[in-house]
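Biologist: Could you walk me through this one, step by step? I'd like to ask a few things as we look.

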Amino acid sequence: MSTITALVGAEIVFGHLLPEGYTPLALQEKDPFNLFKKDKEMRVLNDRPWNMEAQAHLLDDDITPNEFMFIRNNGFIPKNIDVNTWNLTIKGESVKEEKTYSLAALKSKFKQYTYQLTLECGGNGRSEFNPPAKGNQWTIGAISCANWTGIRLRDILKDVGIKDDAIYIGYHSADTHLTGDKSKAPISRGVPISKALQDETILAFKMNGEDIPIAHGYPLRLVAGGWPASASGKWITSISIRNKVHDGAKMKGSSYRVPCKPVAPGTKVKDEDMCIIESMPIKSLITYPKTGALIKQGEKLTIRGHAWAGELEVSEVEYSIDYGSTWTSCNLKKASNRLAWQHFSATVTLPSKGYFEVWARATDSNGKSQPMLLPGWNPKGYLNNACHRIAIKVV
Amino acid sequence: MRQKLIFSVLLLILVIGLFFLILRNTQSTTSNYQKIETSTDTTAIENGVHINTGLIEAEGLHLVIAHCTSCHSAKLITQNRLSKEGWQETIKWMQETQNLWDLGNDEEAVVNYLAKNYAPTDIGRRASLKNIEWYSLKD
């Protein structure tokens, strides 16, 4: 009993009445930070299914390590994964012939590539929309940019042979629906064939040089960088080559779709007036310093962070210390490869004592910049790329 | 005789090995657990909040726990703010696509609870930065 009390971290009232062999509820659920090897400062948004996000200052690394990578799940993580029996089947209306590969065959038959790829949840920033949008209330931490190693989807599709009428692909995964209904997929999304055939669209085995962590799709993940991360399916068991837009779970209704034409906040939008989100918009994050820094008058402030632009490049990042009245250019590095985020830095002089906000604003290679206020309202609160702000006091 | 001796020694090594293996496993299992603030009393209420789920104590709470938390976490409720219409539509969506059952006579109480306790507040187009934890920045 004393052991159990120690584990729970509190005295168990009526503990003497606990049936022998009964595990208190407090111990049935493992601690998610240990379970997924996440930093203690990560924020749990949901525990059934698991959803967890980073904070801006946790994302300071150039290449996001697992401990700071957000988790977005739609269902339950698959159990009892056996890599020796794991297969990938390529099927659908637009394959010449259905074909199945073992994991070992995929690894040995095709050339492997490593890319650093930006994965941002379509709903990152949802918590700021007004009227509020339902779903996990992501703030700014549903973004990562890790190294992914795997084989090009294009190479497998070439080996299988696809028909000329192929226009879309859809993935199918081993996760299970929250209700336990085996006929229901928690999520089955995809991308147009043009995105599927890009060099950087891969079926990955490794993340940052190691086996992909279970929460991020072990043993096989589709990675389509620059698009809503839901297009990068985890625990992949098969891929359908479609002669129409894939119609799996969370491809319809308001899921990962926004009004084709802009609407006033709170508007009801018909299904047929909603369009699928493709490339994610230009965005940036100040990862140093952490918001709330107190600095002494006369001290210079170094800021740094990352910027990303979906399919495009980031052409400029600027900062403002006067609520967007004036902007100053930051140093901006090139991406390590296409679809990777870019790092920026600047040395900021604050002119007096008092409260300041540092805002960052990035511009993409098509000349589009981040808005300072919330961008267009949409029913599910996607695509909030309003500029990031941190608070600083000079004392 | 000699074979018997060898057999006994091997058996002894095996038993000692097993003992340490079990000991190690027990220890590693133990260290995997952290303090989790969950009440063992499933009805406990503190400061107007149902401890086990984090839901606000108000009329309809137990119907909401019964209907809403068997599939998903109560965190999906507590982090959301919707109008009565919004909650109603969410229930309808779950019934149409996520296997939620017919709530029957309970529906009104469930929707009223959600609309009253988890209603939106007008936050404008961009809220002030809040909950800032100030700290001294030293490079």
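**Loops, strands and confidence**

Modeller: Let's start in a loop of this predicted model. Pro289(A) sits between strand E16 (283-288) and strand E17 (293-295) of chain A.

Biologist: Is the peptide bond from Tyr288(A) to Pro289(A) cis or trans, and what is its omega?

Modeller: Look at the bond that leads from Tyr288(A) into Pro289(A). Its omega is near -5 degrees, and the bond is cis.

Biologist: Where does Pro131(A) lie?

Modeller: Pro131(A) is another one to look at, as the peptide bond from Asn130(A) to Pro131(A) is cis, with omega near -5 degrees. As for its place, Pro131(A) is in the chain A loop between strand E6 (112-120) and strand E7 (143-152).

Biologist: Now the big picture of chain A: how many helices and strands does it have?

Modeller: Chain A has 395 residues, and buried ones make up 54% of them. Among contacts with a separation of 6 or more, 70% join residues 24 or more positions apart. The count you want for chain A is six helices and 24 strands.

Biologist: Which strands are at the edges of the open sheet of six strands?

Modeller: Read the order across the sheet: E20(A)-E19(A)-E23(A)-E24(A)-E17(A)-E3(B), with mixed pairing. An edge strand here pairs on one side only. That gives strand E20 (328-329) of chain A and strand E3 (135-136) of chain B.

Biologist: How many residues of strand E23 of chain A are buried?

Modeller: Buried means under 20% relative accessible area. Strand E23 covers residues 354-364 of chain A and is mostly covered. Of its 11 residues, the number buried is nine.

Biologist: And how many bridges join E23(A) to strand E24 of chain A?

Modeller: Take the partners of E23(A) in turn. With E19(A), E23(A) pairs antiparallel over six bridges, and Ser320(A) stands opposite Trp359(A) there. With strand E24 (residues 388-394), E23(A) also runs antiparallel, and Glu357(A) faces Ala391(A). The number of bridges between E23(A) and E24 is seven.

Biologist: Over in chain B, is Asn47(B) buried or exposed?

Modeller: Asn47(B) is in the loop between strand E1 (45-46) and strand E2 (49-50) of chain B. Its phi is near 50 degrees, a positive value in a residue other than glycine. Exposed means over 50% relative accessible area. Asn47(B) has 78% relative accessibility, so it counts as exposed.

Biologist: What about Asn99(B): what is its relative accessible area?

Modeller: Asn99(B) lies between helix H4 (84-97) and helix H5 (106-117) of chain B, in a loop. It is not a glycine, yet its phi is positive, about 70 degrees. Asn99(B) is partly exposed, and its relative accessible area is 34%.

Biologist: Last one: over which residues of chain B is the pLDDT below 50?

Modeller: Chain B averages a pLDDT of 81, and 71% of the residues score at least 70. One stretch falls below 50, and in the model it has 17 contacts beyond near neighbours in sequence. Where pLDDT is low, the predicted coordinates should not be read in detail. The stretch in chain B is residues 22-36.

Methods: Residues are numbered from 1 along each chain as its sequence is written. Chains are lettered from A and ligands numbered from 1 in the order in which they are written. This is a predicted model: local features need pLDDT of at least 70, side-chain atom pairs count only at pLDDT 80 or more; totals for chains, interfaces and linings use all residues. Side-chain values use heavy atoms; hydrogens and water are left out. pLDDT is the predictor's confidence in each residue, from 0 to 100. Contact means heavy atoms within 4.5 Å. Helices (H or I, at least four residues) and strands (E, at least two) are DSSP runs, numbered from the N terminus. Buried means under 20% relative accessible area, exposed over 50%, partly exposed in between (1.4 Å probe, protein chains only). Two strands pair if DSSP finds at least two bridges between them.
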